[in-house]
Amino acid sequence: MLVCQQIFALDAKFNAHRAPNHPNFRTLYIRRRNQLLRESAKNEESAFKRHYLRIRSQLLQQRYGTSFDQTSLHSRSFSARSSSRVSESPDCVGGVGWESHEGGAGKEVSPKEGVVPTKEADASRAIVGGNSIAENYAFVGVHHIFDQHTGAVTMIKFANNDRSLLGCASLDGTLSVCNVGSTPPTLHCMFVGHTNAVTGFDWSVANDLLVSCSQDGTICLWNVAAKSRLRSVKDPSGAEVLACLFHPSNNNIVIAGNSKGSVDLLNISTGIYQRGGGSSNGSSRVEGRVLSLAVDASGQLLWAGTNKGTITSFVFVVGGGGPKLQRCRRVTLQEGCPVTCISWRAWISREARDPTLLVNCAANVVCLYRVLDQEGLLKLKRRFAVRHKSLRCPVRSTFCPLMSFREGACVVTGSEDSCVYFIDIEREVRPVVNKLQGHACPVLGVSFNYDESLLATSDLQGLVIVWSREKKLRDG
């Protein structure tokens, strides 16, 4: 069943690129694929299906130009299809069409301008069943509790398209990987190598590598299977590195943000920072400390959040000297209130196609922004009250992975009041549809596995709780 779910996730990701001018065809296609995969799931998994998944991934990537490969990307070169600027094609960024908007980030979008499937989304609901938002997110059971860290676990993240591997970054200077799918769940490994707090990390597309950054000013590359460190690279300016991401289309490139306001591009294979990717020409510098980063699925748009309460967008420019960053737009959420987390998502249903950012700001809010153009201009869609004010609590949030197919949509956020909140972003009244109360201190990190069967949360004392759905949903 697992391989069939991975195949469907692959089809769903690329369906936004298929027949952009014929939404009914896209819906019919994904429904038929879902039906065929359900029938196929009755048979035993085989090496043939895994081989089919790998070949289909490669063919879809070649056809649509967006990476979702199941194999290692060690040797992939930067996408040659990129131009010196983001393409002017209306479907070039994340596979979604851009609409014409007026206004900026400070003006909230009318709730009538929905960004999720409408009540008429019969096809979308058919894919995930007719459960309500509250029923879908009835996480009531504790699957397992991990306590291997002695400092706050500020970031957790499930591996890509994987139900079991969970990474955890801690202020105690270590990075851990847990296997929550084993019986009982186990600690796969502890990566020890940083000499100060680990501030961020990311999985490679194939989940064979982890990249991490630290207040010690280094970026480290780890081999998950071998449980070893492959490389450690020092920040060229000696600054603390506070955020890092793999580039989605080229896992040789790591995007890093540091305490001096520089957003850099590092070739992790060679350990060399790209010229023009940071402070060398000033084009990718921002005011303040870079606390959070997000990149769209195409790898052409990047956003950086700072401790000054700003979000700056960048586009990737590809030339003869390799990829570079060009600064585009900046918005201020609230002066002096740190932006601790940014997440990107594009709906892939026929009823809504707008790319969206989910943002945590230490002004007691979590905000939903619509991305308006190819330079990353943002417009406020909704804001929700969440207890988040302390500078020592980098609260994070996440989109729910399967929300593109549902009527309504849900996000999950941590909070300084020790609770985890499930928020229906389309509800104007009482948007909180579930609240988990298992932590005894501020909840910092949240992460779903790809099929939403498990939710992991972490807190200021270093505790990680893995939650499961109620039995009737989990067994289904």
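**Reading strands, surface and sheet**

Analyst: Val192 is located in strand β5, which spans residues 186–192; strands are DSSP runs of E, at least two residues long, numbered from the N terminus. This is a predicted model, in which local features need pLDDT of at least 70, side-chain atom pairs count only at pLDDT 80 or more, and totals for chains, interfaces and linings use all residues. Residues are numbered from 1 along each chain as its sequence is written, and side-chain values use heavy atoms, with hydrogens and water left out.

User: Is Val192 buried or exposed?

Analyst: Buried means under 20% relative accessible area, exposed over 50%, and partly exposed in between (1.4 Å probe, protein chains only). Val192 counts as exposed because its relative accessibility is 63%.

User: Which residues form a nonpolar patch on the surface?

Analyst: Leu187, Met190 and Val192 form this patch, and together they have about 250 Å² of accessible area.

User: How do strands of a sheet pair?

Analyst: They pair through backbone hydrogen bonds, in either a parallel or an antiparallel manner. Pairing is assigned if DSSP finds at least two bridges between two strands.

User: How many bridges join strand β15 to strand β16?

Analyst: There are 5 bridges between the antiparallel strands β15 (residues 301–306) and β16 (residues 310–319). Ala304 stands opposite Thr312 in β16.

Notes:
Helix = DSSP H or I, 4+ residues; strand = E, 2+ residues; numbered from the N terminus. Patch = residues over 30% accessible without salt bridge, like charges linked within 9 Å, V, L, I, M, F, W, Y side chains within 5 Å. Areas by Shrake-Rupley, 256 points an atom, 1.4 Å probe, with all protein chains shown as cover. Salt bridge = Lys/Arg side-chain N within 4 Å of Asp/Glu carboxyl O.
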